Amino acid sequence: MIQPAKRVESVEEYYFSIKLKEIAAMNSKGDNVLNLGIGNPDLPPSPSVIKALQEEAENPKSHGYQSYQGLPELREAFAAWYQNFYRVELNPQNEILPLIGSKEGILHTTMAFVNPG
């Protein structure tokens, strides 16, 4: 039998999994809980978005890993968006880092700046 690593002993159930169970229990009792927690879309993407995704999936250049900093054009677009909506100037070279999701950002920020205890 393969023994799990010791760190697995401290792993608990995912927070949002617990919350979803609580919401399901409340709804089963007749409560009408409006869940805004995860942000699942309630409509499919626009047909133009689906078409663009299909076209990019057919492009052989679309099938490689991105750089660790993300595409420069993407970082520049983020900087322009923040300037437009929040009047905040960000340097796309060293102040913007695209992530796969907010949980990744929270985890890595915590790992970089918070010590045990």
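Residues are numbered from 1 along each chain as its sequence is written, and side-chain values use heavy atoms, with hydrogens and water left out. In this predicted model, local features need pLDDT of at least 70 and side-chain atom pairs count only at pLDDT 80 or more, whereas totals for chains, interfaces and linings use all residues.

The chain contains 4 helices and 0 strands, and its elements follow the order α-α-α-α from the N terminus. Helices (H or I, at least four residues) and strands (E, at least two) are DSSP runs, numbered from the N terminus. The C-alpha trace spans about 45 × 40 × 40 Å along its principal axes. The chain has a radius of gyration of 20 Å, while a compact globule of 117 residues would have one near 13 Å; the radius is taken over C-alpha atoms, and the globule rule is 2.2 Å times the number of residues to the power 0.38. Of the 117 residues, 6% count as buried, where buried means under 20% relative accessible area, exposed over 50% and partly exposed in between (1.4 Å probe, protein chains only). V49, a residue of helix α2 (residues 47-57), is counted as partly exposed because its relative accessibility is 38%. V49 and F113 are separated by 64 residues in sequence and by 38 Å in space, C-alpha to C-alpha.

The largest pocket holds about 230 Å³ of space. On a 1 Å grid over the protein atoms alone, a pocket is an open set of points where a 1.4 Å probe fits, with protein on both sides within 12 Å along at least five of seven lines; lining residues have an atom within 4 Å of a point. Grid points are joined across faces, edges and corners, and the volume is the space filled by probe spheres set on the points. The lining consists of Q66, S67, Y68, G70, L71, L74, L97, P98, L99, I100 and E104. These residues divide into 7 nonpolar, 3 polar and 1 charged, with Ala, Val, Leu, Ile, Met, Phe, Trp, Tyr, Cys and Pro taken as nonpolar, Asp, Glu, Lys and Arg as charged, and the others, Gly among them, as polar.

The structure holds 6 aromatic pairs. Among them, W81 and Y86 are edge-to-face, at 5.5 Å centre to centre and 70° between the planes, and Y82 and Y86 are tilted, at 5.5 Å and 40°. Rings of Phe, Tyr and Trp (its six-membered ring) pair if their centres lie within 6.5 Å; planes under 30 degrees apart count as stacked, over 60 as edge-to-face and the rest as tilted. Y82 and Y86 both belong to helix α3 (residues 72-86) and are 4 residues apart, about one turn of the helix. W81, Y82, F85 and Y86 form one aromatic cluster. W81 counts as partly exposed because its relative accessibility is 39%, as does Y82 at 35%.

Side chains of opposite charge can pair when their charged atoms come close. The count comes to 4 salt bridges, each a side-chain nitrogen of Lys or Arg within 4 Å of a carboxyl oxygen of Asp or Glu. One of them joins K6 and E9 (3.5 Å, N to O), and both residues are exposed. Another joins K21 and E13 (2.7 Å, N to O); E13 is partly exposed, with a relative accessible area of 39%. E22 and K19 also meet in a salt bridge (2.9 Å, N to O). These two residues lie in helix α1 (residues 15-28), 3 residues apart, about one turn of the helix.
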